[in-house]
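Here is a short note for a colleague who is opening this model for the first time. Please keep the view at hand and go through the points in order.

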Amino acid sequence: MQRREFITGALAALGAGLAPAQVEHVWARVCQTSHREGYCYQFVPVKTVTFFTHLVEHLIPTRDLTNADLALARFVDGAIEQTRSQREKVQITRCLEHLYQRYNRMAGAPDTTMTQLIGDGLMADDEEIAGPLNTIRQLAMVGFYTSEYVARQLLNFDPVPGHYDPEIKISELDKRTTWSR
Amino acid sequence: MQTFDAIVIGSGITGGWAAKELTEAGLSVVVLERGRYVEHGADYHTAYKHDWQLPNHGLVSNDVKKRLYKQARTGYATNPDIAHWFVDDRQHPYQEQQRFDWIRGYHLGGRSLTWGRQCLRLSDIDFSANRVDGNGNDWPVRYKDIAPWYDKVEAFIGVSGEMMGLEQLPDGIYLPPMPLNRVERHMREVLNRQFNGRALTIGRVAHLIGSGDFGARQPCLYRGRCMRGCPTGGYFSSLSSTLPAARATGRLTIRSNTIASEIIYDEQKQRAIGVRTIDTNNHKKSAVYASVIFCCASAIASTALLLQSKSRRFPNGLGNDSGVLGHYLMDHHFKVGATATTTKFGDSYYQGFRPVGFHIPRFVNLKPREPDSSLDFIRGYGYQGYATRGDWRRGFKELSFGKAFRDDMLKPGPWQVALIGFGETLPGKGNRIYLDETRKDEWGLPTVVFDARFRENEQRMRSHMQSQAVEMLSACGFDNVQAYDEGSYPGQAIHEMGTARMGYDPKTSIVNQYNQVHTVKNVYITDGAFMCSGGYQNPSLTYMAFTARAAAHAVGQFKTGF
Ligand SMILES: Cc1cc2nc3c(=O)[nH]c(=O)nc-3n(C[C@H](O)[C@H](O)[C@H](O)COP(=O)(O)OP(=O)(O)OC[C@H]3O[C@@H](n4cnc5c(N)ncnc54)[C@H](O)[C@@H]3O)c2cc1C
Ligand code: SF4
């Protein structure tokens with residue numbers, strides 16, 4: 001079996017041609033419940049996967065950017081899998097499950113509901129919700145601001161400055177954004 | 001039998017210098033390097049990578065965190081763009097009776113590839129400090145003895161900096177300084193106006209700045225990616241600078257993947273005759289022989305090697321009649337100071353990734369013979385610091401999200417200012433390393449145990465470092481001025497030094513004023529192990545100057561006989 005990443009494994013499976021309507025669960029997500037070939041796998045409900053993508057899109061939106069195929073949810077997911085400890089992964093999973101259930105209980109338009117869910121979650125007294133959600137938020141930030149698209153299109157891309165100018169005016173820059181390299 | 005005129009152990013900052021000086025003087029030299037071979041430029045495989053080309057855009061993988069668990073304490077050594085320059089703690093274990101962050105780089109070039117390049121001279125305030133206050137032993141050297149060697153080193157490696165005319169931080173031979181930005185200039189004006197005797201200048205760093213003829217090296221391009229290795233040689237490293245010079249003589253042999261495990265002492269000749277080695281790949285043992293041996297493996301590794309080199313004549317380690325080998329370990333203490341932000345100069349920005357911040361030279365206890373009665377500590381400290389516009393990372397601290405937040409983080413944030421104090425540590429016998437013969441590494445060598453801590457004088461100094469940082473940032477009219485003390489552990493400043501100190505007296509020191517082991521005259525220790533005290537200044541420039549001076553001495557002795 002190929003090593004799959006956290007929820008992205010499920011995203012990849014969907015991308016590989018499985019129509020969401022035909023599958024309710026995707027075989028992919030790392031967790032603690034079963035052990036095969038050194039990794040821990042479980043069936044993930046497709047709905048959770050869709051929810052995760054939706055969540056990341058609301059943390060750092062990318063849909064309004066022309067030609068920006070940032071696949072941010074996949075980045076965040078891979079980063080969780082490869083850079084977080086098993087303990088943190090379990091905490092993130094639990095947090096996502098909690099948010100997903102809450103989301104389903106909330107009434108209203110999907111976008112407003114998600115915005116409210118995230119706002120409440122980040123401010124929650126419960127560290128088991130606020131902490132992991134903030135981790136996902138920060139990973140989404142990393143994925144976004146360090147992406148090639150953002151570096152070249154939105155920031156001032158300057159990989160080899162060749163000099164140091166100690167004083168320039170932001171107001172005179174074509175793009176009034178920070179330097180990127 | 002493989003014989004050379006000289007053996008240099010280690011290829012880092014000091015080993016490169018020893019190799020260059022000895023080969024240029026006509027000696028055949030073999031450099032023994034325990035780490036892998038690195039080709040300058042070609043092997044800096046992350047140098048031209050963008051964030052999105054790094055695994056997880058540069059986030060540290062869980063796997064690396066586990067393997068480099070001590071190096072990880074730095075907060076940067078595990079980053080995927082540079083982790084390959086730091087040792088795997090599992091493969092190269094050491095022990096901590098008290099916490100010590102031993103941050104090592106085992107590869108050709110050593111830590112000359114990753115160093116911060118700050119080059120500050122010691123002054124006579126530093127060279128006489130031990131004598132004045134009675135801590136440690138007196139340096140057998142004064143500034144005038146080493147000044148010409150500082151000149152020589154700076155002229156060769158290229159140091160960018162500003163002449164200041166300060167007694168506590170002597171000027172050197174400098175390439176043009178990098179400019180201060182708007183906020184730094186403001187701070188400099190405030191310090192000049194309101195703080196008598198305090199100065200702010202740009203860091204003095206080993207970067208090529210200006211339009212001189214730098215040979216195969218090129219001026220710094222302000223990419224700010226130095227720790228990945230600079231393929232154009234914009235900053236000094238052994239690989240960009242000293243080893244090519246040594247190689248050009250045709251008298252240099254480099255043996256990488258070769259651990260020096262023991263210096264062989266010949267009782268009849270009463271000198272060392274060679275070095276036993278272990279091939280790191282196949283564990284094969286061998287030996288090389290030479291008339292002169294330079295220990296440049298870095299302070300702790302050289303001392304460990306001497307401790308490992310036992311014989312009937314030296315049962316406690318080579319040259320260790322005095323029993324001080326392993327003692328008087330020092331580092332600088334830091335991670336203390338203050339931070340601030342300011343919305344002033346809101347339209348002001350800069351271009352280019354300047355690879356250094358500013359420096360505030362020492363301003364306390366400048367007359368050690370007349371201690372300042374308002375201070376409850378001796379010796380001194382300085383600050384390194386920066387003033388930069390915040391980038392998107394400032395958003396980590398906020399709990400915001402969504403489109404407005406996303407777009408806001410694209411813009412330059414308020415100026416962020418930080419002062420980071422670097423303070424002197426008193427030399428004390430209780431701060432030491434020793435070997436544990438019961439716990440050995442993969443190559444059967446005993447592991448090093450650290451037993452050192454910062455003590456009362458350092459703690460008192462830290463309070464002052466904090467309060468003065470707050471005072472200065474407040475005087476500059478900045479907002480959110482906050483003192484901090486993250487706590488500092490020995491080793492963290494990566495300026496570990498001492499343990500084979502220099503001195504007049506063989507009964508209380510290991511090497512003489514020329515870095516020659518008192519009792520084994522053809523062995524020189526020129527990495528940080530010889531230091532009697534550390535000042536507050538980053539020390540590598542001093543190691544290089546002493547190495548060059550010791551090499552000249554060794555060449556003389558080589559010709560006339562030891
Ligand atoms: C991130 C960082 C920032 C720093 N910033 C500064 C700064 O701004 N200014 C400053 O002055 N200093 C700075 N330093 C410290 C500086 O790098 C060291 O002081 C300097 O490299 C010491 O030189 P060295 O030759 O003694 O040791 P190294 O440069 O560490 O070289 C030692 C070499 O010896 C090899 N070796 C070790 N043991 C053996 C053995 N038994 N046999 C064979 N080979 C062996 C190692 O593999 C290594 O290549 C910094 C260091 C780091 C890591
Ligand atoms: S900032 Fe200068 S020295 Fe550093 S990597 Fe870039 S060009 Fe090289």
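1. One term comes first. Buried means under 20% relative accessible area, exposed means over 50%, and partly exposed lies in between. R111(B) has a relative accessible area of 22%, so R111(B) is partly exposed. Bear in mind that this is a predicted model.

2. Follow R111(B) to its partner. Its side chain meets that of E496(B) in a salt bridge, at 2.9 Å from N to O. R111(B) sits in the loop between β3 (95-96) and α3 (124-127) of chain B, while E496(B) sits in the loop between β16 (479-485) and β17 (516-517) of chain B, so the pair ties together parts that are 385 residues apart in sequence. E496(B) counts as buried, with 3% relative accessibility.

3. K310(B) belongs to the loop between α8 (299-308) and β9 (336-342) of chain B, and E437(B) to strand β14 (residues 432-440) of chain B, so parts 127 residues apart in sequence are tied together. Both residues are partly exposed: K310(B) has a relative accessible area of 42%, and E437(B) has 40% relative accessibility.

4. β14(B) runs antiparallel to strand β15 (residues 446-451) of chain B, and 6 bridges join them. Within this pairing, L435(B) stands opposite V448(B).

5. Side chains of opposite charge can pair when their charged atoms come close. Some are linked in a network: K70(B), R73(B), E96(B), R99(B) and D101(B) make up one of these. E88(A) is partly exposed, with a relative accessible area of 25%.

6. Now turn to the interface. How many residues of chain A are in contact with chain B? There are 59 of them, and they touch 49 residues of chain B. The size of an interface is often given as the accessible area lost when the parts come together. Here the area buried between chain A and chain B is about 4800 Å². Carbon and sulfur atoms give 62% of that area.

7. Look at the polar links across this interface. The rule finds 3 salt bridges between chain A and chain B. One salt bridge between the chains joins the side chains of E167(A) and R182(B), at 4.0 Å from N to O. There are also 28 residue pairs in polar contact across the interface. On the side of chain A that touches chain B, the elements giving two or more residues include α2 (46-59), α6 (127-145) and β4 (165-169) of chain A. The largest share, 9 residues, comes from α6(A). By type, the residues of this side divide into 28 nonpolar, 20 polar and 11 charged.

8. End with a strand pairing between the chains. β4(A) pairs with strand β10 (residues 348-351) of chain B in the antiparallel sense, over 3 bridges. Which residue of β10(B) is the bridge partner of D165(A)? The partner is Q351(B).

Terms used
Residues are numbered from 1 along each chain as its sequence is written. Chains are lettered from A and ligands numbered from 1 in the order in which they are written. This is a predicted model: local features need pLDDT of at least 70, side-chain atom pairs count only at pLDDT 80 or more; totals for chains, interfaces and linings use all residues. Side-chain values use heavy atoms; hydrogens and water are left out. Buried means under 20% relative accessible area, exposed over 50%, partly exposed in between (1.4 Å probe, protein chains only). Helices (H or I, at least four residues) and strands (E, at least two) are DSSP runs, numbered from the N terminus. Contact means heavy atoms within 4.5 Å. Buried area is the accessible area (1.4 Å probe) that two parts lose on being put together, summed over both. A polar contact is a pair of N or O atoms within 3.5 Å; within protein, one must be able to donate a hydrogen and the other to accept it, and residues adjacent in sequence count only if both atoms are side-chain atoms. Ala, Val, Leu, Ile, Met, Phe, Trp, Tyr, Cys and Pro count as nonpolar, Asp, Glu, Lys and Arg as charged, and the others, Gly among them, as polar. Two strands pair if DSSP finds at least two bridges between them.
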